[in-house]
Amino acid sequence: MSDAMTALATVTLLPPQGMVTLRADLGDAAVRAAIEAATGHAVPDTRSITGTGEAGLGWMSPDELMVFTGREAAPALAGSLAEALAGQHHLALDVSDARAVFLVEGPGVREVIAKLCPVDMAPGAFGPGELRRTRLAQIAAAFWMESETRLRLVCFRSVARYAEDVLTNAARPGTAVGLF
Amino acid sequence: MLILTCPYCGLAADETELSPGGEAHLKRFGPGSSDDEFTGYLFHRGNPRSVHFERWRHANGCGKWFLAARCTVTLEVFGTYPAQTTEPPAAILDAIRAKRPDWEGRA
């Protein structure tokens, strides 16, 4: 674990990320096939993410996915998803500007999140491949681990400054709790 | 601290991740109902000192509404179930009766 002089993790606001919100009946085989064909990623199980936070699919709710893609490619992808799902009840919308993405990196990422979110961050209880929507201090956020020391966090852009501040504060040098 | 399992996420969600929605299984009285019925629908809420059925929303999670049965005295949770039901499911009622044999049912 980190010593008293180094931060538990570094917090970086990432450049704009393409995001398309997709609402449809995810239990429908035709819908799943259309999504997989249009995005190239498998429809994720409950509370999980397939692919990566740069190109992948994240589970948001039983009828909602977040499609990650390049910022420039997002409007076109929303269009092709709408085309692929034509005739099915659905919504595909480019919402890239709605959210900000942070990269939290360092040996203490589990502690940083555990300080701010009501989530069991113990290894075994939460790990790579899982996506968790929850409360980060006073705001809503979602995060997933890319590895044991890398975590990506998404929140609304309007509260991005707040998220950066609380994350940076929770990662301050010398504040390790030593739980994990 | 209250911890409820969201039936959609399957997560044991902390109370601070949820927002409360008041009493569950209300019957709506709209246009054409009597004044008494409408008053009851708008204002009269059960406040039992025992088993209670409530609406909760997984506000900071999947955003879905669900229903929960819990004891207002001990905060014991008997179960949670999707909001698309008009009556508590049999499994929930069985769980309540197993732990509260003298429970008289919903008022």
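In this predicted model, about 1100 Å² is buried between domain 1 of chain A and domain 2 of chain A, with carbon and sulfur atoms giving 56% of that area. Buried area is the accessible area (1.4 Å probe) that two parts lose on being put together, summed over both. Arg47(A), Ile49(A) and Met60(A) supply 43% of what domain 1 of chain A buries against domain 2 of chain A, more than any other three residues. Residues are numbered from 1 along each chain as its sequence is written, chains are lettered from A and ligands numbered from 1 in the order in which they are written. Local features need pLDDT of at least 70, side-chain atom pairs count only at pLDDT 80 or more, totals for chains, interfaces and linings use all residues, and side-chain values use heavy atoms, with hydrogens and water left out.

The domain assignment of chain A places domain 1 at 18–96 and domain 2 at 99–170; such bounds come from an automatic or database domain assignment. To the contact (heavy atoms within 4.5 Å) domain 1 of chain A contributes 15 residues and domain 2 of chain A ten residues. The centres of the two domains, taken over C-alpha atoms, are separated by 22 Å.

Two salt bridges are counted between domain 1 of chain A and domain 2 of chain A, a salt bridge being a side-chain nitrogen of Lys or Arg within 4 Å of a carboxyl oxygen of Asp or Glu. Glu54(A) forms a salt bridge with Arg152(A), with the closest N and O atoms 3.4 Å apart.

Between chain B and chain A, the buried area is about 1000 Å², of which carbon and sulfur atoms give 50%. Here eleven residues of chain B are in contact with 14 residues of chain A. The rule finds two salt bridges across this interface. Arg132(A) and Glu17(B) meet through their side chains in a salt bridge, at 2.9 Å from N to O. Seven residue pairs are in polar contact across the interface of chain B and chain A (both at pLDDT 80 or more).

Methods: Polar contact = N/O pair within 3.5 Å; in protein donor to acceptor, adjacent residues only side chain to side chain.
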